[in-house]
Amino acid sequence: EEEKAKLQEATHDKLMLAGKDGQIHHVAEIDYIINDVLKHQNNVFKIKRDREDVKESIVCGEGQVNREFELKEFEIAEKSALVYLNEENIRNQRGVVLFLAKKIGVNLLTGKSIMNVSLPIKIFEPRSMLEKIACEYRFTPHYLNSAMEETEPLERMKLILRCLISSLQLDPQMLKPFNPVLGETFQCTIGDYEIALEQISHHPPISAIQIWSETLENAPQLDGQLEYEADTGLSTITGYKHGHIKIYFPDTKGTIKITTFPVGEIHGLMKGSRTFDFMQTLKVSDEDNNLYTTVVFNPDRKGWFKRMFSSSQKTNHDYFEGIITNSKDFDYKTNRDDVEKMKKKHKIEVFSKLEGNWTNSLTIDGEVVWEYEKYKPMKLKYINNPLPSDGRFRTDLIALLNNDYSKAQEQKDVLEDIQRNDKN
């Protein structure tokens, strides 16, 4: 009755066109409808998801150690960075190849496009890719706060590098998140910071991200656009992350940019041990202060021809090394063994050197500044009233959360068909 009274008292100076029914609805009525829907959806997620209190510190307490890899069923290995241990998931994923072959064959016989083939729901996890991206930033608020308190540009760069290296542990996983549909969003908070993501392009798939704080004065602001791409070999998947991330510091009006990201590689897709490695380079720049960082992952990795004669290499697969210089164009990956010679030849100044194992530790200028077991990621907190476009409201995701695999597959196919047929 109270809501009805509010609707009757609503003024006519704010009107809104709703849906295809041709009816003009008051703003108050729209708010009521949306709130009623969200109230129902939130009840679903309160049952299925625990909203744990955010832990402000990433430092493990006495008697505690970080167990991020173990929670995702990985084991740190000597010859490869990570080995995946869940044999049931591996069997399910290997069975997808046969599934796809059958589906493609049926589509060819019936004259349908092979692009309409939908992956089986059993290889998915109940979250959208946008939520996975947000989870990869669970160290970021801590290091943004630390960088905010540090005004010296080189030290600020080092803190951002600590953030990026420590966050790599949040990337590997074997279950597939749902591909976001165009316009899908995700909102959450981590510590004092809010995070918002939106899928702004379907082909190519591009996700926009923003991280900011409404409560901290002069808090850094992060924004960027990321495109994810995967190449599949006979028994390998290579995952690429393109795009950029910018971190803006209001106190100095300076910006640190991440423009190149390491490449993830999964081996053992069809046979053998399932492993995960990083390779290629990470590039970070602060152009205002003439600081340029290049980090090379698995720098001693051998090509397939050399591996035919010797599979061993002098450093572990998770090893990385890099430098911070004043040269934007210096190719550290190619000249890493001749840095001293290149310094004299090209008048390059090297401010800092870093190395480590991304599964274990980071050392900068001889000082260990991060160790895997001593620091754990912060908790991601779901907000109570996200936009109706939030990925947690997807019908296929909700069905999978409730272990209704048949319904989840059906709803996933429906959403994918809508996306394919969307001409806008």
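**Entry 1: a proline in a loop**

I started at Pro-204, which is found in the loop between β8 (193-201) and β9 (206-212). The peptide bond from His-203 to Pro-204 is cis, with omega near 0 degrees. I noted that I am reading a predicted model.

**Entry 2: two asparagines**

Next I checked backbone angles. Asn-290 is not a glycine, yet its phi is positive, about 60 degrees. I placed Asn-290 in the loop between β14 (275-286) and β15 (291-297).

Asn-403 has a positive phi of about 60 degrees, and it is not a glycine either. I found Asn-403 in the loop between α11 and α12. Its relative accessible area is 52%. The cut-off for exposed is over 50%, so Asn-403 counts as exposed.

**Entry 3: the cores**

I turned to the nonpolar cores. Which residues touch the most other members of the largest one? They are Ile-209, Ile-245, Phe-297 and Trp-358, in a core of 66 residues. Helix α7 (residues 153-167) gives this core its largest share, seven residues.

I listed the contacts of Ile-245, leaving out residues up to four places away in sequence. Among them are Tyr-137, Ile-209, Leu-222, Ile-256 and Phe-261. Ile-245 also touches Asp-223 and Lys-257.

There is a second, separate core of ten residues. I noted Ile-121, Ala-399, Leu-401 and Ala-408 as included in that second core.

**Entry 4: salt bridges**

How many salt bridges does a search of the whole structure find? I wrote down 17. I looked up three of them.

First pair: Lys-241 and Glu-136. Their side chains meet in a salt bridge at 3.8 Å, N to O. Lys-241 sits in strand β11 (residues 236-249), and Glu-136 in the loop between α5 (129-135) and α6 (140-149).

Arg-156 lies in helix α7, while Asp-251 lies in the loop between β11 and β12 (254-260). Parts 95 residues apart in sequence are therefore tied together by this pair. I checked both partners for accessibility. Arg-156 counts as buried at 4% relative accessibility. Asp-251 is partly exposed, at 35%.

Glu-410 is partly exposed, with a relative accessible area of 42%. Lys-407 is partly exposed as well, at 37%.

**Entry 5: one more arginine**

Last, I looked up Arg-394. Where is the place of Arg-394? I found Arg-394 in the loop between β20 (381-382) and α11 (395-401). Its relative accessible area is 10%. Buried means under 20%, so Arg-394 is buried. Which residues does Arg-394 touch, not counting those up to four places away in sequence? My list reads Phe-178, Asn-179, Pro-180, Val-181, Glu-184 and Leu-415.

Note on methods
Residues are numbered from 1 along each chain as its sequence is written. This is a predicted model: local features need pLDDT of at least 70, side-chain atom pairs count only at pLDDT 80 or more; totals for chains, interfaces and linings use all residues. Side-chain values use heavy atoms; hydrogens and water are left out. A nonpolar core is a set of buried Ala, Val, Leu, Ile, Met, Phe, Trp, Tyr and Cys residues joined through side-chain atoms within 4.5 Å. Buried means under 20% relative accessible area, exposed over 50%, partly exposed in between (1.4 Å probe, protein chains only). Helices (H or I, at least four residues) and strands (E, at least two) are DSSP runs, numbered from the N terminus. Contact means heavy atoms within 4.5 Å. A salt bridge is a side-chain nitrogen of Lys or Arg within 4 Å of a carboxyl oxygen of Asp or Glu.
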